[in-house]
Amino acid sequence: MADAQAFLDAILEAPDDDAVRLVFSDWLDDQGEHERAEFIRVQIELARGVADVARRERLRRRERELLL
């Protein structure tokens, strides 16, 4: 996949497949969009569930920071 739209299309085709999102986040890193890539990874980790309360709160805080 050569561009963001191709990744977004693939994500829409397989909405439950985190692997596509993770590959997209790697691609975003390669494009210099580090915060957007991190945001995707943070949301995936939160969605999978984080048992450690402190880690979960750090991720939630980081998610809010990245949204601003």
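Begin by selecting Arg 36, which lies in helix α3. The model is predicted: local features require a pLDDT of at least 70, side-chain atom pairs count only at pLDDT 80 or more, and totals for chains, interfaces and linings use all residues. Residues are numbered from 1 along each chain as its sequence is written, and side-chain values use heavy atoms, with hydrogens and water left out. Helices (H or I, at least four residues) and strands (E, at least two) are DSSP runs, numbered from the N terminus.

**Stop 1**

Is Arg 36 buried, exposed or partly exposed? Its relative accessible area is 37%, so Arg 36 is partly exposed; the term covers values between buried (under 20% relative accessible area) and exposed (over 50%), computed with a 1.4 Å probe on protein chains only. Next, show the side chain of Glu 33, with which the side chain of Arg 36 makes a polar contact at 3.3 Å. A polar contact is a pair of N or O atoms within 3.5 Å; within protein, one must be able to donate a hydrogen and the other to accept it, and residues adjacent in sequence count only if both atoms are side-chain atoms.

Contact here means heavy atoms within 4.5 Å. A further selection is Leu 67: it stands 31 residues from Arg 36 along the chain, and the two C-alpha atoms are separated by 9.1 Å.

**Stop 2: the whole chain**

The protein has 4 helices and 0 strands, and its elements run α-α-α-α from the N terminus on. Taken along the principal axes, the C-alpha atoms fill a box of roughly 35 × 25 × 15 Å. There are 68 residues, of which 26% count as buried. Among contacts with a separation of 6 or more, 23% come from residues 24 or more positions apart.

**Stop 3: helices α2 and α3**

Select residues 18–30 for α2 and residues 34–48 for α3; these helices pack at an angle of about 155°, with their axes 7 Å apart. Axes are lines fitted to C-alpha atoms, for helices over the stretch in contact, and angles run from 0 to 180 degrees between N-to-C directions. The two helices are therefore roughly antiparallel to each other, a term for angles over 145 degrees, whereas those under 35 count as roughly parallel, 65 to 115 as roughly perpendicular and the rest as oblique. α2 passes α3 in a left-handed crossing: the near helix is turned anticlockwise from the far one by less than a right angle, while clockwise would be right-handed.

Residues of this contact include Phe 24, Ser 25, Leu 28 and Asp 29 of α2, and His 34, Arg 36, Ala 37, Ile 40 and Arg 41 of α3. By class, they divide into 6 nonpolar, 2 polar and 7 charged. Ala, Val, Leu, Ile, Met, Phe, Trp, Tyr, Cys and Pro count as nonpolar, Asp, Glu, Lys and Arg as charged, and the others, Gly among them, as polar.

**Stop 4**

Centre the view on Ser 25, a residue of helix α2. At 0% relative accessibility, Ser 25 counts as buried. The Ser 25 side chain makes a polar contact with that of Arg 41 at 3.3 Å. Beyond residues up to four places away in sequence, Ser 25 touches Ala 37, Ile 40 and Arg 41.

Move along to Asp 29, also placed in helix α2. Asp 29 is partly exposed, at 24% relative accessibility. With residues up to four places away in sequence not counted, Asp 29 touches His 34, Ala 37 and Arg 41.

**Stop 5: helix α1 against α2**

Select residues 4–13, helix α1, whose axis comes within 9 Å of that of α2 and crosses it at roughly 165°. The pair α1 and α2 is therefore roughly antiparallel, and α1 passes α2 in a left-handed crossing. Ala 4, Phe 7, Leu 8, Ala 10 and Ile 11 in α1 meet Val 20, Arg 21, Val 23, Phe 24 and Trp 27 in α2. The classes in this contact are 9 nonpolar, no polar and 1 charged.

Phe 7, in helix α1, is buried, with a relative accessible area of 5%.

**Stop 6: helix α4 against α3**

Finally, select residues 53–67, helix α4; the axes of α3 and α4 come within 10 Å and cross at roughly 145°. Here too the crossing, of α3 past α4, is left-handed. Among the residues that meet are Phe 39, Val 42 and Leu 46 in α3 and Leu 59, Leu 66 and Leu 67 in α4. This contact comprises 6 nonpolar, 1 polar and 8 charged residues.
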